[in-house]
Each structure stands twice: as structure tokens, then as C-alpha cells.
Amino acid sequence: MKTWLVVAVLLATVQGCALTVSNPRALQPIDGFVPLADDARVWVEPGYGAYGERVSAALPAAIAAVEAAHTLPFLRPPRVYVCGSEECFHRYVYTPRLSAAVIPDNRVILSPNLNGRESARLPGLLTHELAHLHLGQRIGHYNSTVPVWFHEGWASLTANGGGAEYASDAQAYAAIRAGRRIDLVARDTPDWRHRAGAFGLNIFEFYRESMLLVGWLKTQDEARFHQLVLAVQANTDFEIAFWNVYGQSPATRLTGFFDGVQGNAVFNDNGQTLAAPAQP
Ligand SMILES: [Zn+2]
């Protein structure tokens, strides 16, 4: 009975992208990959060099996007592990249905999905994962003082929607108007992260709503947002950094966003014009 409860909780907290919580197997050494002859940042499962070349070609733009958004360089050159087979990917990533992940400790792994049915997602998802890697290099893998909504919202925003493609802005606004809102008062701990299910959101709505929240924060005051992300990257506790920059809590500050969604007619437009700011 107890085992089933644990399993149920684990299943309920599984998230759809990117960062995975600590997993004992993920800490095993990565082996069986070989570097591309012309790009040592890309390590591929043998036999999948063509996939690796696609990743290599996408890497410069992805790195540039992350360094521009974070306004700091990578501390160390990023390395990307490319799995051409499902067996390879699931050797390192247990969470189901992911197309890419950053596993402990700060290792980016791409799944064969991005070489197949989700090829078009490669540039965006690569950028999204590298955003996690970039922050992880400075403050540690998946640092729990940064709430999940900020981790995911900022990475998705940096990737111009990458990682948040499967729900539109309109769907996220509808969820908000239905009362399914990310609770900005909830604090994460190393052992308990507030993910989609904690707010009655599905994983896709959660990523989109997170991206809209972070995007609103940035658009409202670019200078302050820059101060915030510099403080976060300097490993200041997120809540303290937020108060220092804005003089109020995230929940209070972002009331303006939620009120706007609730009251502003433009947000009630359920047409396609507002959906998916991420363009190819
Ligand atoms: Zn992510």
C-alpha cells in the first residue's frame, strides 16, 4: 500500500520537460558517447553522427540566445550528449515522454525524438536545455531556491517558446480565468517542488503560464528584470533577490499579470493571434 502511494506521488509529480530531479542512476558515469570530429562539444551515440551534426549546427545560435538572455557567458563550454536510440536515452533519463533533459549534474541529453517526429523542436528545445545548463553552472543543478515556474518560464522565454510549445497563450489564459493559477506564495524545498499538478494545471499549461509570467515581468520593467536575473545567477535566494529588486513579493508583483488576464479584453481573445509567440 505504502509503495503504491509513493508510486502515485511520483507519477503525479512527473513533469514534461527538461529538468529531472535527482535520480541515483543519473549520477552514474556517462559512457558510450564519442565526440564529433569537428565539434568536441557534441558527444554522440556511435552510429548517429548525422544527428550530431544537426545538433552542432544548431548549437551556436542556441548558445548565443542563452548568453544574451542571461547576459553572462557560460562558465564552461557546454557539452551536449546525443542519443540516437531510445535505449541510450532511457539509460540516463527515467522520466517518461521527455525529448531532452538536464540530468544531475548539469548534463544535457537529447532523445531520438528530436531526430525524428520532433525534429522541428531541436533548436528551441536545445536552447531551453542550455538555459538550464547555464544557470546550473552558476548556482548548481536545479537549485531549489528558484521556483520551478521561474526555472521553466525563463528557460522557455529564452528559447522563444521552446519547451512550452504544446499549449497556446490562449489556453494558458483560459486556465488562469478558470482559477488554475500558479501559486506564487508556495515555496519550494529541495525535497518538494511545486509543479503543474500542485496548481491543477496540466504540464503544458504550466509551462506556458510560467513563460507568460516571466515574460510579463520582463516586459513591464526590463532594467529591474535584468537586476533580478543577475542576482539569481549570483546565487542570491530568489525570494530575497525579488524583494531587493522590486520591493515586494513575487505574488504581489505578479497580481498585475493575473488581474490583466482577468480583466483585459485583449486577453479574452481566443483567436490565434495571441497564441504561440514562438515563431519558427
Ligand atoms: Zn525545462
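Here is a friendly conversation about a predicted model of one chain.

Biologist: What should I know about the numbering and the model before we start?
Modeller: Residues are numbered from 1 along each chain as its sequence is written. The model is predicted, so local features need pLDDT of at least 70 and side-chain atom pairs count only at pLDDT 80 or more, while totals for chains, interfaces and linings use all residues.

Biologist: How many helices and strands does the chain have?
Modeller: Both are DSSP runs numbered from the N terminus, with at least four residues (H or I) for a helix and at least two (E) for a strand. By that rule, the chain has eleven helices and five strands.

Biologist: What percentage of the residues in the chain is buried?
Modeller: A residue is buried if 20 or more other C-beta atoms lie within 10 Å of its own, exposed if 12 or fewer, and partly exposed in between, with C-beta atoms placed from the backbone. Of the 280 residues in the chain, the buried share is 42%.

Biologist: At which residue does helix H2 bend?
Modeller: H2 covers residues 49-70. A bend is the angle between axes fitted to the seven residues ending at a residue and the seven starting there. In H2 this angle is about 40 degrees, with Pro60 following within four residues, and the bend is at Leu59.

Biologist: Is Gly49 buried or partly exposed?
Modeller: Gly49 is found in helix H2. Because it has 17 other C-beta atoms within 10 Å, Gly49 is partly exposed.

Biologist: Which residues is Leu213 in contact with, leaving aside neighbours within four places in sequence?
Modeller: Two residues are in contact if their C-beta atoms, placed from the backbone, lie within 7 Å. For Leu213, the partners are Trp149, Gly153, Ile182, Leu254 and Phe257.

Biologist: Which residue in E5 does Ala101 stand opposite?
Modeller: Strands pair if DSSP finds at least two bridges between them. E4 (residues 100-103) and E5 (residues 107-110) run antiparallel and are joined by four bridges. Opposite Ala101 stands Ile109.

Key:
The expected span of a helix is 1.5 Å times one less than its number of residues.
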